[in-house]
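Please open the model in your viewer and keep the selection panel at hand. The stops below say what to select next and what is to be found there.

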Amino acid sequence: MANVKFHSGEQIPLEMHKVRIVQKLNLPSVERRLKAITEAGNNTFLLKNRDVFIDMLTDSGVNAMSDRQQAAMFIADDSYAGSETFIRLENKLKEIFDTEYFLPTHQGRACENIISQILVQPGLIVPMNYHFTTTKSHITLNGGIVEELICDAGLEVTSSYPFKGNMDVIKLKAFVEKHGADKIAFVRMEAGANLIGGQPFSLNNLSEVRKVCDKHGLILVLDASLLADNLYFIKTREQECKNMSIREITLKIASLCDVIYFSARKLGCARGGGICTNNKDIFVKMRELIPLYEGFLTYGGMSVREMEAITVGLDETMDEDFISQGPQFIAFMVDELMKKGVPVVTPAGGLGCHINAMDFVSHIPQEQYPAGALAAALYIASGVRGMERGTLSEQRNPDGTETFSNMELLRLAIPRRVFTLSQIKYVIDRIVWLHKNRNLIEGLTFVEEPNILRFFFGRLKPVSNWQEKLAEKFRKDFGDSL
Ligand code: F0G
C-alpha cells in the first residue's frame with residue numbers, strides 16, 4: 001500500500017490495485033445459517049460455499065491473482081518432463097533465494113512429508129519456534145517429537161512485542177546442550193507463525209538461531225509459507241532492516257537456512273509448493289521421493305499453469321506495495337475491534353485477524369472448544385466463515401486426554417486483495433454485536449471425532465439449544481435484515 005496521508009486525518013488502508021473480475025456473493029438468512037451450521041456438524045470446514053457470505057476460513061489458495069499471473073498462465077508449457085514453465089519457476093526461486101536446487105510438490109504439507117521422511121528418525125526431536133498442524137502430524141508420523149521454543153511474548157495474547165514469532169535462543173542453546181545434537185533431527189523456523197496469530201520472527205532472531213545451528217552442526221529448515229507477511233514486518237518493524245529492500249531481506253533470510261519449503265497456496269498466491277536448498281546431499285535424498293509421492297521432477301503434482309502463476313506471484317512478493325496489503329487490512333480490523341473492546345491478538349500479525357476466544361467466551365471450558373463455538377456463533381450471526389485455532393485443532397494424547405491449546409483463537413483470514421474495506425467493516429459490525437451477546441454462546445461437543453487432523457472433518461453439536469437462542473436474538477435486534 002502506498003504511503004498516502006488523508007486530509008481528514010483518518011487512517012485507512014488504500015488499495016493499490018483495481019478489481020477487474022468479480023464473483024457474486026450470497027448472504028443467506030439467519031434461519032438458513034442456523035440450518036447450514038447444523039448440517040456442517042458445527043465445523044466451518046464442512047460448510048458449503050453457497051452458504052458462506054465472507055469466506056475468512058483461510059488465505060490458502062484463495063488469494064486474488066494479478067493480471068500478470070493470469071496472463072502468464074496462458075503461456076504455460078505443458079509437458080511431463082523438462083517444461084519451460086518449470087525452468088522459469090526454478091530460475092525465479094534461484095533468483096530470490098539464491099538456492100541451487102528446487103524440488104516441486106503439490107502443496108506445503110507434501111514438502112513436510114518429504115522433509116520428515118528424510119530427516120526424522122524415531123525418537124529424534126525437532127525444536128521449532130511453533131508447530132503447524134500438518135507439520136506436527138508429519139513429524140510425529142515418522143516417530144519424531146516436536147519441541148516448541150517460542151519466546152515468552154509469543155504466548156501472550158496481547159503484547160506490544162513486534163516479533164512474537166521469535167524462537168527463545170537461550171532455551172534453544174540449553175535444549176541442544178541437554179539432549180545433544182545427535183538427538184535433534186533439525187531445527188525449524190516458521191515465518192509468520194501461523195497458530196499464534198501469524199506472528200513474525202526478526203532477522204536478528206533467525207541469525208541467532210543460525211549461530212546455534214552452526215555451533216552444533218544442526219540443519220536449519222525454514223517454513224516460508226507465510227514469508228510475505230514476515231518480510232513486511234521485518235521491513236517495517238526491525239530498525240536495522242529499514243533501508244534494506246524486500247529482495248535483500250529475502251536473500252539474507254535464505255542465506256541463513258539449509259532448507260526452505262513453502263506452500264505456494266500462500267507464498268506466490270497460486271497453488272503448489274516446493275523445497276529449495278543448496279545442500280546437495282539432502283537434495284539427492286529428497287529427490288527420490290518426489291516422483292513417488294508428487295509427480296515427475298519438473299512438475300511435482302502442480303499444473304503448469306499454476307507454476308507460471310507462482311513464478312509471477314513470487315516476483316510480485318518482492319514488491320512492498322503488494323505484500324503490505326494483507327497486514328494493513330489486518331491491522332485495520334484489529335484496531336477497530338480493539339476500540340470496541342473485542343479481545344484480539346496484538347500486535348496485529350499476518351494471515352488474518354485473530355479473536356481471543358479464551359476471553360471472548362471465557363465462560364466456556366476448554367474441553368467444550370470455545371474457539372470452535374465462537375466460529376459457529378459468528379457464522380450464525382453473519383455468514384462469515386472463520387477457522388478454529390485452538391484445542392480442536394490439536395491432537396489428543398495417546399491416553400485419550402485432550403491437549404489443551406495455549407491459545408484459543410478464532411482466525412479470520414484475510415486473503416490478499418479479495419475483500420473490500422466495506423466488507424471488513426461488516427465483519428467488524430457483526431463481531432461487535434456478537435461480543436455484546438456473548439453470554440448466549442455455549443460450548444460444543446464431538447459427535448464424530450477422527451483420530452488425526454480432527455478439525456478438518458470432525459462433527460460436533462452444541463451442548464444445549466444456545467444456537468436457536470442466538471438466532472432468535474439476532475432476529476429481535478436486526479428484524480428483516482440479513
Ligand atoms: N506451513 C504453514 C505455516 C501453513 O500455514 C500451511 C498451511 C502449511 C505449512 C501447509 O501447506 O496447506 O499447502 O499443504 N496452512 C493453511 C492455513 C492450511 O489455512 O493456514 P498446504
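**Helix H6**

Begin by selecting Asp168 and Ile170 at the start of H6, where a side-chain oxygen of Asp168 comes to within 3.1 Å of the backbone nitrogen of Ile170, a polar contact being a pair of N or O atoms within 3.5 Å, of which, within protein, one must be able to donate a hydrogen and the other to accept it, while residues adjacent in sequence count only if both atoms are side-chain atoms. This is a predicted model, in which local features need pLDDT of at least 70 and side-chain atom pairs count only at pLDDT 80 or more, whereas totals for chains, interfaces and linings use all residues. Residues are numbered from 1 along each chain as its sequence is written, and side-chain values use heavy atoms, with hydrogens and water left out.

Now extend the selection to the whole of H6, residues 169-179, in which Val169, Leu172, Phe175 and Val176 are buried (buried means under 20% relative accessible area, exposed over 50%, and partly exposed in between, with a 1.4 Å probe and protein chains only). Helices (H or I, at least four residues) and strands (E, at least two) are DSSP runs numbered from the N terminus. Looking down the axis of H6, you will find its buried residues within an arc of 115 degrees, so they line one face of the helix; the arc is that of the directions from the helix axis to the C-beta atoms. On the other side of H6, Ile170, Glu177 and Lys178 are exposed. To see what covers the buried residues, display strands E3 (125-128), E4 (145-148) and E5 (187-190) together with helix H7 (203-216), which are included in that cover. Just after H6, Gly180 has a positive phi of about 90 degrees.

**Helix H10**

Next select residues 280-287, helix H10, where Ile282, Phe283 and Met286 are buried. These residues cover an arc of only 100 degrees around the axis, which puts them on the same side of H10. Their cover includes, among others, helix H4 (108-119) and strand E8 (273-277). At the start of H10, a side-chain oxygen of Asn279 lies within 3.1 Å of the backbone nitrogen of Asp281.

**The sheet E9-E12-E11**

Move on to an open sheet of three strands, in the order E9-E12-E11 and with antiparallel pairing, where two strands pair if DSSP finds at least two bridges between them. Strands E9 (352-356) and E11 (387-389) stand at the edges with a single partner strand each, so one side of each is left without a neighbour in the sheet. Helix H13 (residues 320-339) packs on this sheet, touching E9 and E12, and its direction makes about 25 degrees with that of E9; axes are lines fitted to C-alpha atoms, for helices over the stretch in contact, and angles run from 0 to 180 degrees between N-to-C directions. Between E11 and E12 (residues 409-413) there are three bridges, and Met387 stands opposite Arg411 in E12.

**Arg385**

Now pick Arg385, which is located in strand E10 (residues 384-385) and counts as buried at 6% relative accessibility. Its side chain and that of Asp55 are joined by a polar contact of 3.0 Å. Leaving aside neighbours within four places in sequence, the residues in contact with Arg385 (heavy atoms within 4.5 Å) include Thr44, Phe45 and Leu57.

Which cysteine sulfur is nearest to that of Cys111? Select Cys276, whose sulfur is 8.8 Å away, with Cys111 in no disulfide; a disulfide is a pair of cysteine sulfur atoms within 2.5 Å.
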